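Hello,

Here is the structure I promised to pass on to you. Please have a look at it first, and then read my notes below.

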Amino acid sequence: MEVVIVPDARAGGELIADAIAVLLRQKPDALLGVATGSTPLPIYQALAARVSDGAVDASRARICQLDEYVGLPPGHPESYRSVVLREVVEPLGLPASSFMGPDGSAEDVQAACEAYDAALGAAGGVDLQLLGIGTDGHIGFNEPCSSLASRTRIKTLTEQTRRDNARFFDSVDEVPHHVITQGIGTILDARHLVLLATGEGKAQAVADTVEGPVASVVPASALQLHPHATVVVDEAAASKLRLAPYFRNTYATKPEWQGL
Ligand code: PGA
């Protein structure tokens, strides 16, 4: 995997927005997999700015969701469908029809998971999947010890993740216990994986992901198995990387034309 160390979250957002801009120039109807949480917001802001100043035409882009809470009432402002519509689809000026996600309020959750996996395949697969990382090393909502071959399915959140996400709700008790998430195998099907991690709280998870063994106890370490995975980290999130000087030198001496 390629590791790019940037000064701060804003720089990470700009860099990744540039990579998305390149993709959209090559493939205007690219399927862009988006992540929720606080980390990717600078990417969406940078991309929306490029669209509004005319530097990027995203009008044919398609957007798909990584995961979703199970059991929130439809239209709940913290459902990931609502978040993605609010933070990505609307700022990019895209119609709701350009967006797909798993149905977290389905009566038959298992069938909804299978339908979502099939829909991603029928859409031609994800071109670029954005990822955050949990403090416990999760990607999507694949918590530690998720099968590295898993497909979209229902998962139970760890207490650590529920506490991490409580800031979006009135209290931790309101954070759902269950979620639908693309599986690790599903995520690995995307053509390009781009993980952004910022802040010291992610430093250990980043070090385990990049420099530890591939192990289901650190789900993000599965990125080591992907032929085109990019990990963008700010200085704080890079602070536990033993190979940080090497990663800096690698990126600094990279030919311009290679992109991310
Ligand atoms: P965060 O969430 O960006 O809000 O830290 C990341 C994640 O849980 O994947």
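**Helix α1**

The 18 residues of α1 should span 26 Å at 1.5 Å a residue, and the end C-alpha atoms of α1 are 26 Å apart, so the two agree. The expected span here is 1.5 Å times one less than the number of residues in the helix. Helices (H or I, at least four residues) and strands (E, at least two) are DSSP runs, numbered from the N terminus.

Before you go further, please keep in mind that this is a predicted model, in which local features need pLDDT of at least 70 and side-chain atom pairs count only at pLDDT 80 or more, while totals for chains, interfaces and linings use all residues. Residues are numbered from 1 along each chain as its sequence is written, and side-chain values use heavy atoms, with hydrogens and water left out.

Several residues of α1 are buried, including Gly-12, Leu-15, Ile-16, Ala-19, Ile-20 and Leu-24. Buried means under 20% relative accessible area, with exposed over 50% and partly exposed in between (1.4 Å probe, protein chains only).

**Pockets and a cavity**

A word on terms: on a 1 Å grid over the protein atoms alone, a cavity is a set of points where a 1.4 Å probe fits but cannot get out, and a pocket is an open set with protein on both sides within 12 Å along at least five of seven lines; lining residues have an atom within 4 Å of a point. Grid points are joined across faces, edges and corners, and a volume is the space filled by probe spheres set on the points.

Helix α1 (residues 9–26) comes up again here, as it gives the most to the lining of the largest pocket, with 6 residues. That pocket has a volume of about 420 Å³. Of its 19 lining residues, Ala-19, Val-22, Gln-258, Gly-259 and Leu-260 lie nearest the centre. By class, the lining has 9 nonpolar, 5 polar and 5 charged residues. In this count Ala, Val, Leu, Ile, Met, Phe, Trp, Tyr, Cys and Pro are nonpolar, Asp, Glu, Lys and Arg are charged, and the others, Gly among them, are polar.

The second largest pocket holds about 350 Å³ of space. It is lined by 23 residues, and Thr-36, Gly-37, Ile-133, His-138 and Asn-165 are the closest to its centre. Helix α5 (residues 159–165) provides the largest share of this lining, 3 residues. The classes here are 8 nonpolar, 11 polar and 4 charged.

Thr-36 and Gly-37 are among the residues that line the cavity, as are Tyr-44 and Glu-87.

An open sheet of 7 strands runs in the order β1-β10-β9-β6-β2-β3-β5, with parallel pairing. Strands pair if DSSP finds at least two bridges between them. The edge strands are β1 (2–6) and β5 (99–100). Further in, 4 bridges join β6 (residues 128–131) to β9 (residues 192–197), and Leu-131 stands opposite Leu-195.

An open sheet of 3 strands, ordered β4-β8-β7, has antiparallel pairing. Its edges are β4 (67–69) and β7 (153–156). Strands β4 and β8 (residues 178–181) share 3 bridges, with Asp-67 opposite Thr-181.

Enjoy exploring!
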